[in-house]
Amino acid sequence: MATGTAIVRVPKEAQKGQVIRVQMVITHPMTPTRRDPQTGQEIPGHYITKLQLFYNDQLVSEMNMGGGVSANPFIALPLKVESAGVIKIVYEDNKGGKWEKTAEITVK
Amino acid sequence: MDRRKFLLLSAVAVAGFTFAPAIKPAFAASKLEEEVKKRLGVELNAIKEIAEIKLTVPTIAESGANVPITVEADIPVDKVERLWVFVDKNPTPWIADVKFTPQNGQVFLSTRIKMGETSNVRAILQLKDGTFVMATKEVKVTAGGCG
């Protein structure tokens, strides 16, 4: 998979008012910025800086991160569902990449 | 070796042994404290540890490149502003921070982090009233994961 693709997993169905876990795996190298031990030169990292979770176009959570999160990050966040809708994650990295991924949920 | 030289050498050796170990931990601690001060705006030792935050980490991690952590809190989500994750001895102690809103329904975060060596993992919650609380747990790392 290419850098920046994601898989978002939510339960297919949920009860009204239930707190679900939105699980996601993003394909990304997540290399931190570090110094070459021999030359002392800085090697620029490549990592995701920001991730936002939307529920029906309303911002729910915002996560900032750096090179300290593992490669191909797995993240699970809670979400209280009230009506059927679209769950969207938007994420960007320090090299200007910006992607989004959606998942749908139905409510009984 | 005459007596004068011997005395001088032994004095240097004793001084070296007493000062060298004292310098290193102080430096390692100040890096985390600096980072906490920079990002949170409070001193680390002013943050109280409470039992309401449940931090789940492995006691021994085989690889430091992939340490699963889960943070849960028994505090209502509308009282919580932000969750911070720190690893004491990483080159960059700050790992991530998450902003919560009442729509989240619960304070929860699960992810995987990198750890350079055996150290403490800290989950710090910033509450709406401006106070900070935290949970700390140690993870033993057999192989580092920071480059």
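Me: How many bridges join strand β4 of chain B to β7(B), and do they run parallel or antiparallel?
Reply: Seven bridges join them, and the two strands run antiparallel. Strand β4 covers residues 67–73 of chain B. Keep in mind that this is a predicted model.

Me: Which residue stands opposite T111(B) there?
Reply: I69(B) stands opposite T111(B) in β7(B).

Me: Is β7(B) mostly covered or mostly open?
Reply: Mostly covered. Strand β7 spans residues 107–113 of chain B, and five of its seven residues are buried.

Me: What about chain A? How many bridges join β8(A) to β7(B)?
Reply: Two bridges, and the strands run antiparallel. Here I75(A) stands opposite T111(B).

Me: OK, zoom out. How many residues of each chain are in contact?
Reply: 24 residues of chain A are in contact with 25 residues of chain B.

Me: Which elements of chain A give two or more residues to that side?
Reply: β7 (58–65) and β8 (74–80) of chain A.

Me: How do the residues on that side of chain A divide by type?
Reply: 14 are nonpolar, seven are polar and three are charged.

Me: And β7(A), which strand of chain B does it pair with?
Reply: Strand β6, residues 94–99 of chain B. They pair in the antiparallel sense over four bridges. M63(A) has V98(B) as its bridge partner. N64(A) stands opposite D97(B).

Me: Why is β6(B) largely enclosed by the rest of the structure?
Reply: Because five of its six residues are buried.

Me: Which strand of chain B pairs with β6(B)?
Reply: β5(B) does, in the antiparallel sense over five bridges. R82(B) stands opposite K99(B) in β6(B). A hairpin joins β5(B) to β6(B) through six residues.

Me: New topic: the core. How many residues are in the largest nonpolar core?
Reply: It has 54 residues. Those with the most contacts inside it are L83(B), F86(B) and I95(B).

Me: Where does the largest share come from?
Reply: From strand β5, residues 80–87 of chain B, which gives six residues.

Me: What does I95(B) touch?
Reply: Leaving out residues up to four places away in sequence, I95(B) touches residues of both chains. From chain A they are M65(A), G68(A) and V69(A). From chain B they are V85(B), F86(B), V87(B) and I113(B).

How values were computed: Residues numbered from 1 in each chain as written. Chains lettered and ligands numbered in written order. Predicted model: local features only at pLDDT ≥ 70, side-chain atom pairs only at ≥ 80, totals over all residues. Contact = placed C-beta atoms within 7 Å. Nonpolar A, V, L, I, M, F, W, Y, C, P; charged D, E, K, R; others polar. Pairing = 2+ DSSP bridges. Buried ≥ 20, exposed ≤ 12 C-beta atoms within 10 Å, placed from the backbone. Core = buried A, V, L, I, M, F, W, Y, C linked by C-beta atoms within 7 Å.
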